[in-house]
Amino acid sequence: GQPQLHYRGPSLYLEDCRLSDLAAQHGTPLYVYSQAAMLAALEAYRRGFAGREVQICYAMKANSSLAVLQLFARQGCGFDIVSGGELERVRAAGGDMAKVIFSGVGKTRAEMRQALEAGIGCFNVESEAELEVLNEVALSMGLRAPVSIRVNPNVDARTHPYISTGLKGNKFGIAHERTLAVYQRAAGLPGLRVAGIDCHIGSQITQEAPYLDAMDRMLDLVEAIEAAGIPIGHLDFGGGLGINYDGEVPPAADALWARLLARLDARGHGGRRLMIEPGRSLVGNAGVCLTEVLYLKPGEQKNFCIVDAAMNDLPRPAMYQAFHAIVPLERPDARREPVVYDVVGPVCESGDWLGRDRPLAIAPGEHLAVLSAGAYCASMGSTYNSRPRPAELLVDGSQAHLIRSRERVAQLFENEHLLQGDRA
Ligand code: LLP
């Protein structure tokens with residue numbers, strides 16, 4: 001499912017870069033992303049929206065490397081952020097603050113002030129209590145905060161429970177039934193300006209139906225809110241479109257949006273200003289994580305292939321039992337027999353695995369690529385077990401740009417302090 005990734009002879013390439021060369025040059029674990037794959041994914045959305053007014057706000061939590069943000073900023077994208085830290089990343093990458101939307105259930109007063117000072121485009125408000133606090137903060141600064149209420153449309157995105165967000169039992173958004181009352185409250189608060197409405201029903205969605213349902217539920221609300229005399233400027237449909245990790249066949253972004261826009265038109269809302277917040281579908285299948293095989297450990301019940309990347313570098317398998325394909329950087333000689341391995345990292349946890357029951361004809365010192373690793377992999381990484389973060393490269397044709405240097409161990413404890421004095 002990864003465009004730009006292919007074998008030439010025995011060697012795996014991303015665009016025109018031979019991945020075993022990059023592993024040799026930069027060491028492992030190593031993230032490598034394809035610029036062309038990211039741009040092609042963005043282009044699919046643009047085709048779907050041709051002729052419409054849309055603001056694509058890349059959900060940077062998926063992959064917040066500055067160079068990746070810079071790439072999307074240069075394409076005219078805005079950003080969906082969820083913290084003051086992500087706001088600073090927009091600034092550092094040269095993004096346009098007016099195209100930033102701020103989501104998340106737990107914005108602090110300090111983050112609200114920071115975002116108001118920066119002049120972001122919209123706050124996606126997730127609770128009635130947050131609405132009141134945002135009003136206070138904006139008034140104290142003599143400003144009006146642009147707001148959109150995140151509606152929980154109560155549709156089942158039919159995805160993993162940890163990443164489904166549009167159901168009643170989720171912590172996200174405001175219940176459909178409360179929405180009109182909350183808009184009436186927002187319209188009456190002097191520190192707020194109603195800018196739009198938004199929803200986000202989940203992630204890794206592979207079907208079209210939940211989107212159509214959510215759109216219908218949103219439009220019902222828009223009609224009710226406007227009938228109450230409150231104009232809704234923009235409609236934000238969130239992100240969530242899935243990618244192919246293991247043979248999934250999610251709708252293509254352009255086909256999906258053609259269908260959704262037809263529904264919008266049919267209901268008489270065709271001229272609306274639109275926003276979306278895609279993350280995974282823009283970057284997920286643009287990246288791989290390269291790792292070296294350290295040891296092969298045959299066992300009675302399981303064979304283990306121990307590699308130098310671990311759950312701290314690539315947490316999705318450990319966190320969600322997520323599947324990522326794993327392939328060799330150099331295809332082995334056909335005479336070598338594949339063995340079925342669990343591919344595991346060096347971290348001291350049984351949950352530290354990257355792939356289970358994978359047939360591989362591999363030897364220590366050789367390299368593997370963990371595929372579909374452009375989204376929610378590096379960005380969710382940690383330094384557990386005092387493992388420094390991997391280096392990251394962005395390839396463009398035959399050029400590989402170092403976009404993040406490998407972290408040094410000393411950086412891991414530079415903020416730590418030994419106890420003063422000589423007694424315990
Ligand atoms: N907008 C909001 C408000 C979100 O919460 C999210 C993702 C997005 C947009 C982007 O969704 P996407 O297009 O990437 O599906 N760590 C999990 C995924 C968590 C998604 C969180 N919210 C994983 O690795 O599968």
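The legends below describe close-up views of a predicted model of a protein chain with a ligand.

Residues are numbered from 1 along each chain as its sequence is written. Because the model is predicted, local features need a pLDDT of at least 70 and side-chain atom pairs count only at pLDDT 80 or more, while totals for chains, interfaces and linings use all residues.

**View 1. Confidence along the protein chain.** The mean pLDDT of the protein chain is 96, and 97% of the residues score at least 70; pLDDT is the predictor's confidence in each residue, from 0 to 100. Confidence is highest in strand β4 (residues 30–34), with a mean of 99, and lowest in strand β10 (residues 174–175), with a mean of 92. Helices (H or I, at least four residues) and strands (E, at least two) are DSSP runs, numbered from the N terminus. For the complex, the predictor gives an ipTM of 0.99 and a pTM of 0.97.

**View 2. The shell around the ligand.** The ligand is surrounded by 21 residues, and the closest are Ala59, Ser203, Gly239, Gly279 and Tyr376. A residue is near a molecule or strand if its C-beta atom, placed from the backbone, lies within 6 Å of it. By class, the shell has eight nonpolar, nine polar and four charged residues. Ala, Val, Leu, Ile, Met, Phe, Trp, Tyr, Cys and Pro count as nonpolar, Asp, Glu, Lys and Arg as charged, and the others, Gly among them, as polar. Domain 1 (5–33 + 284–412) and domain 2 (104–276) each supply at least three residues of the shell.

**View 3. The contact between the two domains.** The protein chain is assigned domain 1 (5–33 + 284–412) and domain 2 (104–276); the bounds come from an automatic or database domain assignment. The C-alpha centres of domain 1 and domain 2 are 36 Å apart. Seven residues from domain 1 and six residues from domain 2 make up the contact, where two residues are in contact if their C-beta atoms, placed from the backbone, lie within 7 Å. On the side of domain 1 that touches domain 2, three residues are nonpolar, four are polar and none is charged.

**View 4. Parallel strands on either side of β13.** Strand β13 (residues 273–276) pairs with strand β5 (residues 54–59) in the parallel sense, over three bridges. Two strands pair if DSSP finds at least two bridges between them. Within this pairing, leucine 274 of β13 is the bridge partner of valine 54. Strand β12 (residues 234–236) also runs parallel to β13, joined by three bridges, and leucine 235 stands opposite leucine 274. Together, β12, helix α9 (residues 253–266) and β13 make a right-handed β-α-β unit. A crossover is right-handed if, with the strands pointing away from the viewer, the path from the first strand over the helix to the second runs clockwise.

**View 5. The antiparallel sheet β1-β2-β3.** These three strands form an open sheet in the order β1-β2-β3, with antiparallel pairing. The edge strands β1 (5–8) and β3 (17–18) each pair on one side only. β1 is joined to strand β2 (residues 11–14) by four bridges; among the bridge partners are arginine 8 with serine 11 and histidine 6 with tyrosine 13. Tyrosine 13 also stands opposite arginine 18 in β3, and β2 and β3 pair over two bridges. The hairpin of β1 and β2 has two residues between the strands, and glycine 9 in the turn has a positive phi of about 60°. The hairpin of β2 and β3 also has two residues between its strands, and glutamate 15 there takes a positive phi near 50°.

View 6. Threonine 28 and proline 29 are joined by a cis peptide bond, with omega about -10°. Proline 29 belongs to the loop between α1 (19–26) and β4. Aspartate 357 lies in strand β18 (residues 353–360) and, although not a glycine, has a positive phi of about 55°.
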